[in-house]
Every structure is written in C-alpha cells, then in structure tokens.
Number of protein chains: 2
Amino acid sequence: MTLTDTIGYLAATLTTAAFVPQALLTLRTRDVSGISLGMYAVFTAGVAMWLAYGVALGEWPIIAANAATLGLAATILGMKLSIERRNRRRDGA
Amino acid sequence: MTLTDTIGYLAATLTTAAFVPQALLTLRTRDVSGISLGMYAVFTAGVAMWLAYGVALGEWPIIAANAATLGLAATILGMKLSIERRNRRRDGA
C-alpha cells in the first residue's frame with residue numbers, strides 16, 4: 001500500500017468514526033436543540049449518494065466507509081426527529 | 001461526464017453543503033451543549049487528511065470539496081470550544 005493509500009484509508013476511518021461520539025452523546029443526553037436538522041438531512045442524503053457511487057465503481061473501501069457513516073448519520077437524524085416530536089407533544093404544541 | 005461521475009459530484013456537494021446549516025445554527029443560537037467535541041475534533045482531523053489525500057493525488061474535486069468542508073468543520077469546532085470556555089468562566093467553574 002502506498003503512503004497516499006494509507007492517508008486515504010486513515011482519512012476515511014476518521015471521518016466515519018467521528019460520528020460515533022456524536023451518536024453516543026445524543027443517545028445519552030437526548031439534547032438535540034443545537035443539532036441542525038438541515039445538516040443531518042442533507043448529510044444523510046449525501047452519504048447515501050457516496051454509497052451509490054461506491055457501488056457503481058465496485059470499490060469496497062468506499063462502500064464500507066459510507067455504509068457505516070450512513071448508519072450513524074441516519075441514527076442521529078432519527079433521534080433529532082423523534083426527540084423533537086416528543087418534546088413538542090410534551091409541551092402541548 | 002458519466003452518470004457515476006455525476007453521482008460523485010452530487011455526493012461531494014451534499015456532504016460539504018450539509019455543514020452550512022449547522023454552522024449558521026450554531027453562530028445564531030450559540031447552543032453547543034448537544035454538539036460532540038469528540039465528533040468535531042476527529043472529523044476535522046479526518047477532513048484535513050482527505051485534503052492531504054487530494055493534494056497527493058492532484059485531484060482538484062477532492063481538494064476543493066475538502067477545503068470547504070474543513071473550513072466549516074473547523075468553524076463549528078472553534079465555536080464549540082470558545083462558547084464552552086466562556087460558559088465555564090461565566091459559571092465560575
């Protein structure tokens with residue numbers, strides 16, 4: 001593996017793993033007021049397209065990294081939506 | 001441009017643009033309690049490595065998308081750090 005490949009794999013690992021502490025924080029605190037719905041809606045759609053791109057190229061590193069990121073981003077998006085819906089109901093809005 | 005290229009460019013545009021609404025929300029509300037420091041620290045480092053990967057390959061689409069994402073992610077990371085430091089000082093901790 002070349003140095004450039006190594007940098008690429010390290011980059012992919014970091015940008016995927018980054019969403020683990022966010023998903024854990026949100027699961028633990030259920031504090032979603034400062035999390036942008038727009039960000040997670042657009043980001044989840046974008047990662048789904050990266051996954052489609054990896055499938056089109058048959059490139060397993062792109063497929064694996066984006067499948068993992070998609071799961072994490074969709075989890076955070078789902079928590080944002082469900083926690084805010086519950087809060088609105090609780091507040092009688 | 002092939003359909004696969006189009007999907008790739010669309011994916012890159014979405015995963016970069018996604019950070020704009022988060023940066024704007026955080027600038028406006030200064031609500032960073034639900035934002036994970038670990039996520040933005042690891043993500044910013046990962047995007048910097050994607051930028052290095054793009055430079056090593058001489059691939060301008062990778063360089064441009066990751067330079068923009070790096071600026072946005074670093075802005076959110078900087079706000080997370082500075083707003084929490086100010087809040088701790090205000091609370092006398």
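Which residue does the side chain of B:Arg90 meet in a salt bridge? The partner is B:Asp91, at an N to O distance of 3.0 Å; a salt bridge is defined here as a side-chain nitrogen of Lys or Arg within 4 Å of a carboxyl oxygen of Asp or Glu. The structure is a predicted model, in which local features need pLDDT of at least 70 and side-chain atom pairs count only at pLDDT 80 or more, while totals for chains, interfaces and linings use all residues; side-chain values use heavy atoms, with hydrogens and water left out. Residues are numbered from 1 along each chain as its sequence is written, and chains are lettered from A and ligands numbered from 1 in the order in which they are written.

Over all chains, 4 salt bridges were found in the whole structure. Side chains of opposite charge can pair when their charged atoms come close. B:Arg90 has a relative accessible area of 63% and is exposed, and B:Asp91, at 52%, is also classed as exposed. These classes rest on relative accessible area with a 1.4 Å probe and protein chains only: buried is under 20%, exposed is over 50%, and partly exposed is in between. In chain A, a salt bridge joins the side chains of A:Asp91 and A:Arg90 at 3.0 Å, N to O, and both residues are exposed. A further salt bridge links B:Glu84 to B:Lys80, with the closest N and O atoms 2.9 Å apart. Both residues belong to helix α4 of chain B and are 4 residues apart, about one turn of the helix. Helices (H or I, at least four residues) and strands (E, at least two) are DSSP runs numbered from the N terminus. B:Glu84 is partly exposed at 26%, whereas B:Lys80 is buried because its relative accessible area is 5%.

The largest pocket holds about 1,200 Å³ of space. It is lined by 36 residues, of which A:Trp50, A:Ile62, B:Trp50, B:Tyr53 and B:Ile62 are the closest to its centre. Elements that give two or more residues to this lining are α1 (3-17), α3 (37-57) and α4 (60-90) of chain A and α1 (3-17), α3 (37-57) and α4 (60-90) of chain B. The most is given by α1(B), with 7 residues. By class, the lining comprises 21 nonpolar, 11 polar and 4 charged residues. Nonpolar denotes Ala, Val, Leu, Ile, Met, Phe, Trp, Tyr, Cys and Pro, charged denotes Asp, Glu, Lys and Arg, and polar denotes the others, Gly among them. A pocket is an open set of points on a 1 Å grid over the protein atoms alone, where a 1.4 Å probe fits, with protein on both sides within 12 Å along at least five of seven lines; lining residues have an atom within 4 Å of a point. Grid points are joined across faces, edges and corners, and the volume is the space filled by probe spheres set on the points.

Backbone geometry was examined at two arginines. Most residues other than glycine have a negative phi. A:Arg30, in the loop between α2 and α3 of chain A, has a positive phi near 55 degrees and is partly exposed at 37%. B:Arg30, in the loop between α2 (19-29) and α3 of chain B, likewise has a positive phi near 55 degrees and is partly exposed at 39%.
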